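Hello! Here is the structure I promised to pass on to you. Please have it open while you read, and my notes on it follow below.

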Amino acid sequence: MTKTSEIRGMTLYQCFNSVPPNFSAAQRLLEQGADINASEDSDGTPLLAQIIMDCFYGSESKYLPAVVRFFLENGYDVHKDNGKYG
């Protein structure tokens with residue numbers, strides 16, 4: 001976990017690994033300096049890719065458009081090329 005994606009032990013990943021996603025907590029993390037372009041794991045997989053793979057299958061998939069929109073509106077770099085799924 002990169003330090004720039006967490007504040008006080010809470011991560012952006014955790015905000016979206018809940019039903020429904022916790023957009024307000026994620027926004028607070030960004031305001032406090034969390035990096036929306038950080039990698040979630042040691043192989044460099046971008047945070048959004050990891051969230052999509054882990055959190056949005058089945059009934060939770062209805063939240064995916066709002067999550068992607070949140071990332072894009074908050075400066076997510078769609079051209080970031082790194083990691084296994086980057």
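Predicted model: local features only at pLDDT ≥ 70, side-chain atom pairs only at ≥ 80, totals over all residues.

I36 is buried, with a relative accessible area of 5%; buried means under 20% relative accessible area, exposed over 50%, and partly exposed in between, using a 1.4 Å probe and protein chains only. You will find I36 in the loop between α2 and α3. Helices (H or I, at least four residues) and strands (E, at least two) are DSSP runs, numbered from the N terminus. Leaving out residues up to four places away in sequence, I36 touches L12, L30, L47, F70, F71, N74, G75 and Y76, where contact means heavy atoms within 4.5 Å.

Residues are numbered from 1 along each chain as its sequence is written, and side-chain values use heavy atoms, with hydrogens and water left out.Now the whole chain. The protein chain has four helices and two strands, and along the sequence they follow the pattern β-β-α-α-α-α. Of its 86 residues, 37% are buried. Among contacts between residues at least 6 apart in sequence, 64% join residues at least 24 apart.

Next, the aromatic rings. Rings of Phe, Tyr and Trp (its six-membered ring) pair if their centres lie within 6.5 Å; planes under 30 degrees apart count as stacked, over 60 as edge-to-face and the rest as tilted. By this rule there are six aromatic pairs. In one of them, F16 and F23 have ring centres 5.7 Å apart and planes at 75°, so this pair is edge-to-face. F16 is buried, with a relative accessible area of 1%, whereas F23 is partly exposed at 28%. F16 also pairs with F71: the ring centres are 5.3 Å apart and the planes are at 50°, so that pair is tilted. This second pair links distant parts of the chain, as F16 sits in helix α1 (residues 12-16) and F71 in helix α4 (residues 64-73), 55 residues apart. Both F16 and F71 are buried.

Which residues form one aromatic cluster? They are F16, F23, F70, F71 and Y76. F70 belongs to helix α4 and is buried, with a relative accessible area of 8%. Not counting residues up to four places away in sequence, F70 touches F16, F23, A26, Q27, L30 and I36. From C-alpha to C-alpha, F70 and F23 are 8.0 Å apart in space, and in sequence they are 47 residues apart.

Please look at the backbone too. Most residues other than glycine have a negative phi, and most peptide bonds are trans. In this model, a cis peptide bond joins V19 and P20, with omega at about -5°. P20 is in the loop between α1 and α2 (23-31). After α2 comes G33, whose phi is positive, near 110°.

Helix α2 itself has A25, A26, L29 and L30 buried. Seen down the axis of α2, its buried residues fall within an arc of 140°, so they line one face of the helix; the arc is that of the directions from the helix axis to the C-beta atoms.

Finally, turn to α3 and α4. The axes of helix α3 (residues 47-55) and α4 come within 11 Å and cross at roughly 170°. That makes α3 roughly antiparallel to α4. Axes are lines fitted to C-alpha atoms, for helices over the stretch in contact, and angles run from 0 to 180 degrees between N-to-C directions. Angles under 35 degrees count as roughly parallel, over 145 as roughly antiparallel, 65 to 115 as roughly perpendicular and the rest as oblique.

Where the two helices meet, L47, L48, I51 and I52 in α3 face L64, V67 and F71 in α4 as contacts. The residues of this contact divide into seven nonpolar, no polar and no charged. For that count, Ala, Val, Leu, Ile, Met, Phe, Trp, Tyr, Cys and Pro are nonpolar, Asp, Glu, Lys and Arg are charged, and the others, Gly among them, are polar.

In α3, the residues L47, L48, A49, Q50, I51 and C55 are buried, and the buried residues of α3 pack against α1 and α4. I52, which lies in helix α3, is partly exposed, with a relative accessible area of 30%. The C-alpha atoms of I52 and V67 are separated by 9.1 Å, and these two residues are 15 residues apart along the chain.

Happy exploring, and do write back with your questions!
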